[in-house]
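Colleague: I have a structure open and would like to learn how to read it. Could you walk me through a few features with me?

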Amino acid sequence: MTDTIFVTGASGHLGSAIIDHLLGSQGVAASRIIAGTRNPEKLAKRVASGVTVRKVDFDDVASLEKAFAGAGTVLIVSTDALDGAGTRLRQHKAAIAAAAKAGAKRIAYTSLPVPDVSKVSFAPDHLQSEEAIKATGLPYTIFRNNWYAENLFMALPQALASGNWYTSAGGGRTAYVARDDIAAAIAAAVATPPAASVTYTLTGSEALTNEEVAALAEKILGKSVAVVQLTDEQLAGGMKAAAVPEAYIPTFVSFDAATRAGNLALVTSDVETLSGRKPQKLSAFLEANKGAFGA
Ligand SMILES: NC(=O)c1ccc[n+]([C@@H]2O[C@H](COP(=O)([O-])OP(=O)(O)OC[C@H]3O[C@@H](n4cnc5c(N)ncnc54)[C@H](OP(=O)(O)O)[C@@H]3O)[C@@H](O)[C@H]2O)c1
């Protein structure tokens with residue numbers, strides 16, 4: 001059982017895509033894969049394909065060691081807790097401790113770029129999660145995932161509809177990367193892990209300013225949008241006026257502050273090196289998702 005690959009968050013977008021790539025492009029036998037999720041009933045199709053499905057909830061600490069029993073590599077997909085109250089770090093630490101206790105041979109984890117300096121509000125959670133993994137003494141694979149191109153599904157349609165894209169990112173650049181490219185790279189890395197510990201930064205192949213993204217949107221989606229540069233305070237005020245829940249505003253503003261600081265601009269070749277395929281350019285992503293952007 002030591003070469004089994006345990007993927008948490010298996011019903012989420014990324015976890016699900018990683019398992020698809022393990023079974024598909026990586027040709028990993030279903031019998032080597034354990035899919036962990038809070039809702040096993042959602043993964044009946046996985047069971048039918050021969051994948052083992054187990055219930056995994058990082059909030060149910062007492063259950064975790066048993067849940068990870070027999071896992072060779074435990075890939076911890078970071079959770080989506082955004083409450084700013086330390087929930088995410090507590091969840092990750094519980095999972096890391098349980099994986100180590102259960103006898104995992106390697107821990108893999110999805111982090112974010114430059115967690116030691118990043119201005120993203122929850123970067124310290126990722127940094128401390130990485131540190132907790134290193135403290136186990138087990139070999140590790142850390143994937144520092146850059147901004148998903150899919151994040152544009154949240155901000156861009158509204159900006160295109162109104163004609164204004166409010167931002168405090170200044171001239172900061174983002175090396176957007178399609179989530180499926182990240183999944184392909186992670187699947188390749190966990191299917192045949194190196195002996196040593198390793199940290200990858202998974203990014204797109206080009207880093208673009210918001211103005212450059214707006215120009216691409218105009219060309220490909222046929223809608224013009226003006227990038228309106230604000231201060232962080234002005235951006236927060238605009239979000240409040242737009243009834244964005246106040247608890248989330250500092251986090252959302254921190255994304256622009258991080259962009260302005262260059263925290264999302266790093267471009268690496270890790271996606272291609274691991275997966276053997278070139279990451280999708282943002283222009284191709286917009287072209288492939290015209291409908292989702294209302295074009
Ligand atoms: N780089 C980026 O731009 C970016 C953007 C968004 C998110 N992220 C991060 O990447 C992760 C994966 O992205 P995604 O697109 O797959 O997000 P998603 O579809 O929203 O999935 C969220 C994931 O969190 C897991 N989760 C939540 N609470 C949990 C708990 N108590 N115990 C165990 N697992 C829990 C869920 O697992 P189950 O529901 O299967 O239990 C699910 O897989 C996110 O959770 C977030 O940390 C990165």
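**Around the ligand**

Modeller: Gladly, and we can begin at the ligand, where the shell residues divide into 7 nonpolar, 14 polar and 5 charged. Here Ala, Val, Leu, Ile, Met, Phe, Trp, Tyr, Cys and Pro count as nonpolar, Asp, Glu, Lys and Arg as charged, and the others, Gly among them, as polar. Please keep in mind that this is a predicted model: local features need pLDDT of at least 70, side-chain atom pairs count only at pLDDT 80 or more, and totals for chains, interfaces and linings use all residues. Residues are numbered from 1 along each chain as its sequence is written.

Colleague: How many residues surround the ligand, and which are the closest?

Modeller: A residue is near a molecule or strand if its C-beta atom, placed from the backbone, lies within 6 Å of it. The ligand is surrounded by 26 residues, and Gly9, Ser11, Gly12, Leu14 and Arg38 are the closest. Helix α1, residues 13-23, gives the largest share of the shell, with 3 residues. Helices (H or I, at least four residues) and strands (E, at least two) are DSSP runs, numbered from the N terminus.

Colleague: How do I read a helix such as α8, and which of its residues are buried?

Modeller: An α-helix has 3.6 residues a turn, so residues three or four places apart point the same way. A residue is buried if 20 or more other C-beta atoms lie within 10 Å of its own, exposed if 12 or fewer, and partly exposed in between, with C-beta atoms placed from the backbone. In α8 the buried residues are Asn210, Val213, Ala214 and Ala217. They cover an arc of only 100° around the axis, so they sit on the same side of α8; the arc is that of the directions from the helix axis to the C-beta atoms. The cover over these buried residues includes α6 (152-162), β7 (164-167) and α12 (282-288). Gly222 follows α8 and has a positive phi, near 70°.

Colleague: And what about the buried residues of α10?

Modeller: Val253, Phe255, Asp256, Ala257, Ala258 and Thr259 are the buried residues of α10. Among the elements that cover them are β7, β8 (173-174) and α9 (232-241). This helix, residues 249-260, has 12 residues and reaches 17 Å from its first C-alpha to its last, close to the 16 Å expected at 1.5 Å a residue. The expected span is 1.5 Å times one less than the number of residues. Just after α10 comes Gly262, with a positive phi of about 85°.

Colleague: Which phi does Val114 have, and is this residue buried or exposed?

Modeller: Val114 has a positive phi of about 35°, although it is not a glycine. Its place is in the loop between β5 (106-111) and α5 (123-135). Val114 counts as buried because it has 21 C-beta neighbours inside 10 Å. Ala243 also is not a glycine and has a positive phi, near 65°. Ala243 lies in the loop between α9 and α10, and counts as exposed because it has 7 C-beta neighbours inside 10 Å.

Colleague: What can you say about the whole protein, starting with its helices and strands?

Modeller: The protein has 12 helices and 11 strands. Of its 295 residues, 46% count as buried. The C-alpha atoms fill a box of roughly 55 × 35 × 35 Å, taken along the principal axes.

Definitions and conventions. Contact = placed C-beta atoms within 7 Å.
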